[in-house]
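Dear colleague,

Here is the structure for you to look over. My notes follow below it.

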Amino acid sequence: MPRLGDLLRLSALALFGLIQSCTAGCYFPAELQGQFVMQLQFQGTQALAQAGIGHVQYSQVNISSDNIPIWGRCHRRIGNNVILLDSSGSANCTRCFHLKLVARNVLQVHTEELSKCYTTEEAAMRTCPDETTLKTRSKEILLYKTKELDGEEVLKEYCPVSGRFTFTYNVNDGLENKQECPTPDSELDNCPAGNAMNVRFRGCSFENHNITFECLGHWTGTDNQRYLALLDTRVDAVRRAQYRCAMYREDEATGMTYIAFSSDSTCSTDLHSATQGYETLTLRKVPTAPWPRRVETAACRFPSWAQGRWEHVTVGHNSLTYRDHAELKTFSLRCIGPDQGESSERVPVYYRTQCGHEKYTCVWLKHHGSNVLEFQIGLQESDRFNNSLCSLSNFREKIWVTQGRTDRVQESPCPITGEYNGLIPDADGLCAKLSSDCANPDVMYYTVSDCGDEVYEERQYRCLGQWQEGKLLYTYTQRKDVGTYECFVGSKISPTEIYIKEAGEHCERDANPLERGMLLHRKGGTDACVGSVPVPPPAPSSPTPRPRPTTQWSVTRRPVETHTKPWKPITAPPRPKLPVQSTASALQSSALCFLSCILIILLKQL
């Protein structure tokens, strides 16, 4: 007969298995899904690698809505930590993974050694790292995205190192002590496309050759170092690593830029800083012609509210730099005045691109609170400035570039208080909940479910600013989980009903919430924050209370029917849904299941 302690232990295991079968769904955000590759191992010696012989092996990693086949099925998510359950072997293997999308095409994974397994969720959770222990308690794995979930190509990413440079180059392979490219005869630029780095080696100890890297993303690490992920596009030779990780640093005082590469596809092998790595480049900016005299002597500056750093814009005194991620160009603008004061929206400018194109034009700036800027660059340009460049006819009526401030010091409250529920348009059987955080009015939560207990997706937004145009209210937000920026347009039709609709990254003016938008009903009446219980854990409370929004969702007329999708695709439920049971029936089934498991275990031990 088994001992009582053994029976209790086995019963606990049975209970764990039951909990695994009865827990609510666990799903990955859509941004994490797709096809990736990760490095397996390097084959070959350093000498062979330097000669171009030997290579890095890669393994394909597919991430679906709830499964990473090589590691396991999503069992539970707590922030960026996820418990994966692998049932492919003789016994269940439970492990904790820390997943962070550091760039649109780069997923950073931290976990213990993959050879380690745990039989209980609790044991696996004890190994979960946090942001401060990622480097010391876990192993880093980089996943490079090759395809989106639907098979589409990944979006192009703008390179953070922009312009024309000459450079010196050195390989720190321990095989010799001389510098391979000691003179700055080699060249690097991102012309004509800003998503590529064109590298031309000249005057080096090896034959002249060219490499084009495609930028996959860049980010700031927990060590405050700036990282860059690149794809080597050469296909006519065996290379050591097709995917490369580098650190970079720009010295504004000297104009120098430093780049250091790891020796493989990780961000750790032989890589220590922007100046210490397996391969190092020291870049010198190619001098540009002086600005025209009218530009140099202009007594003007951009408005004080626009000064600072935004998503893709930097404004300082009389200069504005914009990295256009759609056209893949960098625009360096100088205002040419005369200075018309803080109230001026349309400002005459002279601009240059990273490839040397120069013209006079006009820029139109709009102020939407302390954290949101919208602007347009004029449609017409000229070799000589004339006042017509700043006329209304030189701008589009409804097409703006929306930017959120990255160095914000003042928070902006969201335009909702409380909890709202509704059905997602064009998606049968899917419900949405939009709720506010009463302790943090600038935070709101969006949850998609099966209209029951199973949650398919959770999003957390920080509101950056809101403004009203006509009878529509626009709200610009940042996703706190993946860092992307999104805009919503809303319309209030009664004290307890609102229509909302996604308006793209740049607050599209043709998006109207009353046409295929989502109707949400307020829960708990009209009192602010009654019954508001956010699904994700709330962000830390601010030290001082912030004011409620002064602008409310407004009423508008129904426009002409459009054919744009009203809502971004969400994480689809991957498993067939079971027949709906009543609460009592579900509890009875769970109890019977649990008792049956214990009975089977007891019988096996007799």
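Phe206 is partly exposed, because its relative accessibility is 26%. Here buried means under 20% relative accessible area, exposed over 50%, and partly exposed in between, using a 1.4 Å probe and protein chains only. Phe206 sits in the loop between strand S11 (196-201) and strand S12 (209-220). Helices (H or I, at least four residues) and strands (E, at least two) are DSSP runs, numbered from the N terminus. Beyond the neighbours within four places in sequence, Phe206 is in contact with Tyr169, Glu180, Cys181 and Phe201. Contact means heavy atoms within 4.5 Å. Cys181 is 25 residues from Phe206 in sequence, and the C-alpha atoms of the two are 8.7 Å apart.

Before you go further: this is a predicted model, in which local features need pLDDT of at least 70 and side-chain atom pairs count only at pLDDT 80 or more, while totals for chains, interfaces and linings use all residues. Residues are numbered from 1 along each chain as its sequence is written, and side-chain values use heavy atoms, with hydrogens and water left out.

Overall figures

The protein chain has six helices and 32 strands. Of its 606 residues, 49% are buried. Among contacts with a separation of 6 or more, 56% are between residues 24 or more positions apart. The chain exposes about 29700 Å², and carbon and sulfur atoms supply 53% of that area. Accessible areas come from the Shrake-Rupley method with a 1.4 Å probe; for residues, only the protein chains shown count as cover.

Aromatic rings

Back to Phe206. Ring pairs link Phe206 into a cluster with Phe167, Tyr169 and Phe201. Rings of Phe, Tyr and Trp (its six-membered ring) pair if their centres lie within 6.5 Å; planes under 30 degrees apart count as stacked, over 60 as edge-to-face and the rest as tilted.

The whole structure holds 21 aromatic pairs. One of them is Tyr144 with Tyr243, which counts as stacked because the ring centres are 5.0 Å apart and the planes meet at 25°. This pair links distant parts of the chain: Tyr144 is in strand S8 (residues 139-147), Tyr243 is in strand S14 (residues 243-251), and they are 99 residues apart. Tyr144 is buried, at a relative accessible area of 1%. Tyr243 is buried too, at 9%.

Tyr322 and Phe331 also form a stacked pair, at 6.3 Å centre to centre with 15° between the planes. Tyr322 is buried at 7% relative accessibility. Phe331 is buried at 11%.

Charges over rings

The charged end of Arg352 sits over the ring of Trp291, 4.3 Å from its centre. Arg346 lies over the face of Trp364, 5.1 Å from the ring centre. The test: NZ of Lys or CZ of Arg is within 6 Å of the ring centre and within 35 degrees of the ring normal.

Open sheet

Eight strands form an open sheet, ordered S17-S18-S19-S20-S21-S22-S23-S24, with antiparallel pairing. Strand S17 (308-309) and strand S24 (401-404) are the edges; each has a single partner strand, so one side of each lacks a neighbour in the sheet. Two strands pair if DSSP finds at least two bridges between them. Five bridges join strand S22 (residues 358-367) to strand S23 (residues 372-377) in the antiparallel sense. Val363 has Ile377 in S23 as its bridge partner.

Closed barrel

Eight strands make a closed barrel, S25-S26-S27-S28-S29-S30-S31-S32, again with antiparallel pairing. Neighbouring strands of this sheet are turned by 35° against each other on average, direction ignored. Axes are lines fitted to C-alpha atoms, for helices over the stretch in contact, and angles run from 0 to 180 degrees between N-to-C directions. Strands S25 (residues 419-423) and S26 (residues 431-437) run antiparallel and share five bridges. Glu419 stands opposite Ser435 in S26.

Look at strand S29 (residues 472-479): eight of its eight residues are buried. Leu472, Tyr474, Tyr476 and Gln478 lie on one side, with Leu473, Thr475, Thr477 and Arg479 on the other. Antiparallel pairing over eight bridges ties S29 to strand S28 (residues 455-469). Gln468 has Leu473 in S29 as its bridge partner. The S28-S29 hairpin has two residues between the strands, and Gly470 in the turn has a positive phi of about 65°. S29 also pairs antiparallel with strand S30 (residues 485-494), over six bridges. Thr475 stands opposite Phe488 in S30. That hairpin, S29 and S30, has five residues between the strands; Gly483 in the turn has a positive phi of about 85°.

Best wishes
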